[in-house]
Amino acid sequence: MAQSEPNEEQDLAKKIEETRQRFKNELLQESTEKYDQRDVERLLNDDALVEGYLEWRQQVVDDALKMIDDSLQWRKEFGVNDLSESTIPRWMFETGAVFLHGYDKEGNKLFWFKVKLHIKDAKTAMDKKKYVAFWLERYAKKEPGMPLTVVFDMAESGISNIDMDFVKYVVNCFKVYYPKFLSKMVIVDMPWIMNAAWKIVKSWLGPEAISKLKFASKAEVLNYIDPEYLPPHMGGTDPFKYNYPPLPDDDFQTPIYDNGPSITEDETESKEAEQESKDTLESSFSSDVVPKSKKGWMW
């Protein structure tokens, strides 16, 4: 057994080299404009990145190359390397529909989706997708190689909050664009009326990720997350309340706020006004105000 480990390492090193060589010969020569050069450089120099693609595709080089091609094209199309708070509409941060906060029982960072705050709107669909990419990329840079646990908070959500195109995008972020990034998806308190939609989602995940999907009641979510990182409506004791700015930073080393510094004590009035505005926004994004056409933003 001691001999098999060096052999496995050698085999992996060969596969990484083969993947890189074929990437250069088969994909890179097609067009130098196809990818962001920063992503190309990283792929050619970061063994862990190539290994991630290979592992996520069961060491099949052809499949890993397809994933690399899709992933790098997406990164260029969405301008992922240049996403920042200043490139995304401020109101998206203010609603608190998506954010990073807390950890699960295995120490994986929690990526929260508050489903009731999502409403479908074709005009803002691309910005919303970039918003998700912003959070994923922010975490990838802060904690390289560390997986995330996605939590879909379904409280007070319903059929009007379903947007299957957006769901598919979120699934693809973990299935295609960020290899080995997903620890698990925990769907908390899902209304029975949404069962059919989630059966479709399961089919998108594919066999390699299906085991990562966990449906949990308020009681069952405690199997994955301790009360200290669960909000009170899930039976937890976490006093955290999302507010922007600044972004919730938890134990990251350096808060990021490209839109400017966080509000100081001297700006209390301004902060109160912003909170009022945020409350109005949250109200407008709730499922209660969705038009009767049954168009929702998500799920």
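**Salt bridges, aromatic pairs and strand contacts**

Lysine 180 is partly exposed, with a relative accessible area of 39%; buried means under 20% relative accessible area, exposed over 50% and partly exposed in between, for a 1.4 Å probe and protein chains only. The structure is a predicted model, in which local features need pLDDT of at least 70 and side-chain atom pairs count only at pLDDT 80 or more, while totals for chains, interfaces and linings use all residues. Residues are numbered from 1 along each chain as its sequence is written, and side-chain values use heavy atoms, with hydrogens and water left out.

Lysine 180 forms a salt bridge with glutamate 55, with 3.3 Å between the closest N and O atoms. A salt bridge is here a side-chain nitrogen of Lys or Arg within 4 Å of a carboxyl oxygen of Asp or Glu. Glutamate 55 belongs to helix α3 and lysine 180 to the loop between α7 and β4, so the pair ties together parts that are 125 residues apart in sequence. Helices (H or I, at least four residues) and strands (E, at least two) are DSSP runs, numbered from the N terminus. Glutamate 55 is partly exposed, at 34% relative accessibility.

By the salt-bridge rule, the count comes to 19. One of these joins lysine 184 to aspartate 104, whose closest N and O atoms are 2.8 Å apart. Lysine 184 is part of strand β4 and aspartate 104 of the loop between β1 (98–103) and β2 (109–114), so this pair ties together parts that are 80 residues apart in sequence. Both lysine 184 and aspartate 104 are buried.

Another salt bridge links glutamate 26 with arginine 22, again with the closest N and O atoms 2.8 Å apart. The two residues are 4 residues apart in helix α1 (residues 4–28), and are therefore separated by about one helical turn. An α-helix has 3.6 residues a turn, so residues three or four places apart point the same way. Glutamate 26 is partly exposed at 40% relative accessible area, and arginine 22 is partly exposed at 22%. Both residues take part in a network of salt bridges that links Glu18, Arg22, Glu26 and Asp62.

Helix α3 (residues 47–56) has Leu49, Val50, Gly52, Tyr53, Leu54 and Trp56 as its buried residues. At the start of α3, a side-chain oxygen of aspartate 46 comes to within 3.0 Å of the backbone nitrogen of alanine 48. Glutamine 58 follows α3 and has a positive phi, near 50°.

The structure holds 20 aromatic pairs. Rings of Phe, Tyr and Trp (its six-membered ring) pair if their centres lie within 6.5 Å; planes under 30 degrees apart count as stacked, over 60 as edge-to-face and the rest as tilted. For tryptophan 74 and tyrosine 177, the ring centres are 4.2 Å apart and the planes are at 0°, so the pair is stacked. Tryptophan 74 lies in helix α4 (residues 61–77) and tyrosine 177 in helix α7 (residues 164–177), so the pair ties together parts that are 103 residues apart in sequence. Tryptophan 74 and tyrosine 177 are both buried. The rings of phenylalanine 174 and phenylalanine 181 have centres 6.4 Å apart and planes at 25°, so this pair is also stacked. Phenylalanine 174 is buried with a relative accessible area of 2%, and phenylalanine 181 is buried at 6%.

In strand β4 (residues 182–188), 7 of the 7 residues are buried, so the strand is largely enclosed by the rest of the structure. Strands β3 and β4 run parallel and are joined by 6 bridges; two strands pair if DSSP finds at least two bridges between them. Aspartate 153 stands opposite valine 188 in β4.

Methionine 190 is located in the loop between β4 and α8 (195–205) and counts as buried, at 19% relative accessibility. The C-alpha atom of methionine 190 is 5.5 Å from that of methionine 154, although the two are 36 residues apart along the chain. The loop between β3 (148–153) and α7 contains isoleucine 159, which is partly exposed at 39% relative accessibility.

Methods. A polar contact is a pair of N or O atoms within 3.5 Å; within protein, one must be able to donate a hydrogen and the other to accept it, and residues adjacent in sequence count only if both atoms are side-chain atoms.
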